[in-house]
Amino acid sequence: MDTQLSQFYGTNHVPSDIELLEIERLIAPHSARLVHLEKDLEEAEARVVKLKREKDEILRVIRPLKSLSSLIRRFPREIMELIFINSIPTTTFGRTMFNICHAPLVFLRVCRLWREIALTTPQLWVSVELAAPVPLCYSSVSPQDTKRQQRSAMFLVQFDQWLKRSESCPLSITIRGSPSNEGTSTEILASKLAILSHRWESIDFNNHDGLPNPFTGIVAQSLPILKRARLTAHSLTFGTGDNRDFGNFLAAPNLERLQIQVSRSSHALAKMPINWTNLTHLFLDGLCMYHQDISSRNEPLTASGVLPVLEKCQNLQVFSLQLTPRNSLPEPGPQVSLSNLEALNVAGCRFEMDHLLRSITTPRIREIHYQPCFKVALPTEELPFSAAFPLTSFLQRYGNKIEVISVNLHIVAREDLQSWLECAPGLKQLSLGPEFETASVSSMFSVPNNSENPFDDSCIALLTPNRDQTHLCSDLRIFRCSVKGRISGDAVLKFLKARTDPLSVRNGRPIEEVWIHQLPYDFPFGDLSDVEDVDEMLRPIREAGVRLSFRKSSYFLSRPIIHGPPYTSGPGYGIDFKLF
């Protein structure tokens with residue numbers, strides 16, 4: 001409100017007596033109005049308090065009613081059991097940490113119903129780890145301390161209850177090379193599990209500390225249902241004739257899946273007390289020991305040493321092999337038929353890989369992972385050489401049955417890619433580069449010295465359908481690429497639009513998933529500053545249900561920009577070798 005006193009606002013003016021009377025006259029009506037407003041606010045606040053009290057009373061009445069009618073209460077018990085079982089974060093080999101904040105122990109703390117369901121669902125308690133909780137292992141209290149002894153005794157009681165809750169279900173045993181203590185020793189826990197050896201279905205022995213096998217007293221005949229064994233040890237030998245450390249597991253009569261790290265002569269593999277005919281999954285890692293003792297005089301794991309073993313594995317379906325390097329070309333050998341093999345992962349020395357791929361016959365193969373870890377040339381080999389040649393040669397023989405190809409190379413030449421695609425017309429999933437590899441990746445993977453990368457738009461064009469021409473791999477559904485190259489946004493957009501166009505894919509199905517990482521810095525996708533523009537360009541692709549992920553090679557961007565439905569990384573149409 002403008003008055004003659006407005007000119008003095010914000011100044012140091014001292015009002016006169018007349019001006020003070022004028023100020024009082026101007027304030028009077030506002031003061032009266034302010035009194036009414038304060039009274040109205042008090043009444044409104046009192047009403048709000050009353051309304052909140054009424055609201056709380058209503059909520060007190062309806063909350064138990066809503067709880068009674070909640071959807072989770074109406075779930076059949078069988079559904080709740082399945083939810084509980086699938087919520088446990090385990091792989092094929094159970095890994096239980098006895099943590100009350102994780103399943104299944106957390107289910108005991110929610111409500112009476114959940115506790116009752118958890119305690120009467122034996123499948124929740126089949127994963128057992130042979131290790132005491134960390135506080136008991138690393139306690140600074142004296143071993144003679146009474147409280148520590150009480151905690152150890154309580155843990156043993158809980159361990160017994162865990163085993164009792166599993167009832168008669170098959171058990172998955174995990175052994176880690178962790179320290180023990182006098183209060184709760186590995187021997188005590190092992191003795192409790194040894195009594196139940198007839199229920200062991202899988203065992204994962206990862207002994208990095210070189211501790212002895214606590215189950216040497218168990219004979220193979222007491223492991224009638226043991227089907228899966230993963231044996232890892234840096235200081236124990238697998239290749240000796242007696243196999244005193246793991247012979248009981250290796251000789252289990254019904255063993256079907258075996259993963260071992262071979263530390264000594266590969267020729268001793270055939271002497272292991274294994275029923276090779278029963279095996280459906282076999283993983284042999286000869287690289288780990290090569291890393292640990294590169295100066296070892298023992299003969300490394302080679303294709304020549306593995307082929308006699310494969311000749312016995314007539315029912316093998318999944319095979320993973322990591323071969324150590326050699327200084328000479330392997331001698332040619334007889335052909336080995338693997339009539340049931342469906343998935344193959346080969347890594348390591350490319351000369352050994354080439355020897356292996358040339359020496360096996362795989363009429364039912366549908367998936368291959370190729371990881372040449374040692375890019376070296378032999379004295380008799382002329383440069384330049386192609387690290388992709390063994391794979392190309394293999395696909396020329398069996399590519400018409402291949403549905404999944406995963407190639408872990410830093411450089412993928414257009415000529416090699418075209419050869420692979422032409423050899424595999426029924427390809428459903430293609431993965432290029434190490435980032436999306438679903439098999440173990442060796443840390444000795446060499447980085448080429450040549451900085452020139454031939455992966456560019458012409459490679460993407462090979463995968464782009466054309467309405468007027470027949471195109472390669474019309475049934476491609478998953479494409480993952482982490483090979484660093486020079487790819488333009490236009491080429492990727494053309495590829496995506498063509499792969500979602502029913503007229504372009506013809507008899508094939510639209511693509512389901514596209515991940516392209518290690519993109520150039522100036523690539524239009526994968527930058528937070530242009531998300532809105534990218535969303536507009538990719539709207540038709542997203543509406544078609546395609547899962548998209550783009551990431552630039554710049555280290556400033558720590559996470560990929562994801563467009564479309566949420567996705568989870570996984571094997572897709574292939575096998576996740578890491579889960580074994």
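This report covers salt bridges, a loop proline, cysteines and strand pairing in a predicted model.

Residues are numbered from 1 along each chain as its sequence is written, and side-chain values use heavy atoms, with hydrogens and water left out. Because the model is predicted, local features need pLDDT of at least 70 and side-chain atom pairs count only at pLDDT 80 or more, while totals for chains, interfaces and linings use all residues.

**Salt bridges**

A salt bridge is taken as a side-chain nitrogen of Lys or Arg within 4 Å of a carboxyl oxygen of Asp or Glu. Searching the whole structure gives 14 salt bridges.

Helices (H or I, at least four residues) and strands (E, at least two) are DSSP runs, numbered from the N terminus. Arg77, Glu116 and Glu81 are linked in a network of salt bridges.

For accessibility, buried means under 20% relative accessible area, exposed means over 50%, and partly exposed lies in between (1.4 Å probe, protein chains only). Arg77 counts as partly exposed because its relative accessible area is 31%. Glu116 is also partly exposed, at 36%.

Arg358 and Asp354 are both in helix α11 (residues 350-359), and because they are four residues apart there, about one helical turn separates them.

**The loop between β10 and β11**

Arg364 lies in the loop between β10 and β11, and Glu342 in the loop between β8 (336-337) and β9 (343-349), so the pair ties together parts that are 22 residues apart in sequence. Arg364 is partly exposed, with a relative accessible area of 46%, and Glu342 is partly exposed at 27%.

Pro363 is also placed in the loop between β10 (360-361) and β11 (367-374). Its relative accessibility is 34%, so Pro363 counts as partly exposed. With contact defined as heavy atoms within 4.5 Å, and leaving aside residues up to four places away in sequence, Pro363 touches Leu338, Ser339, Tyr398 and Lys401. From C-alpha to C-alpha, Pro363 is 7.7 Å from Asn340, although 23 residues separate the two in sequence.

**Cysteines and strand pairing**

A disulfide is a covalent bond between the sulfur atoms of two cysteines. Here a disulfide is counted when a pair of cysteine sulfur atoms lies within 2.5 Å, and the count is zero. Cys481 is in no disulfide, and the nearest cysteine sulfur, that of Cys459, is 8.5 Å away. Cys481 counts as buried because its relative accessibility is 1%.

Two strands pair if DSSP finds at least two bridges between them. Strand β14 (residues 478-481) pairs with β15 in the parallel sense over four bridges, and Cys481 stands opposite Ile516 in β15. Strand β15 also pairs in the parallel sense with strand β16 (residues 547-552), over five bridges. There the bridge partner of Ile516 is Phe550 in β16. Strand β15 (residues 513-519) is mostly covered, with six of its seven residues buried.
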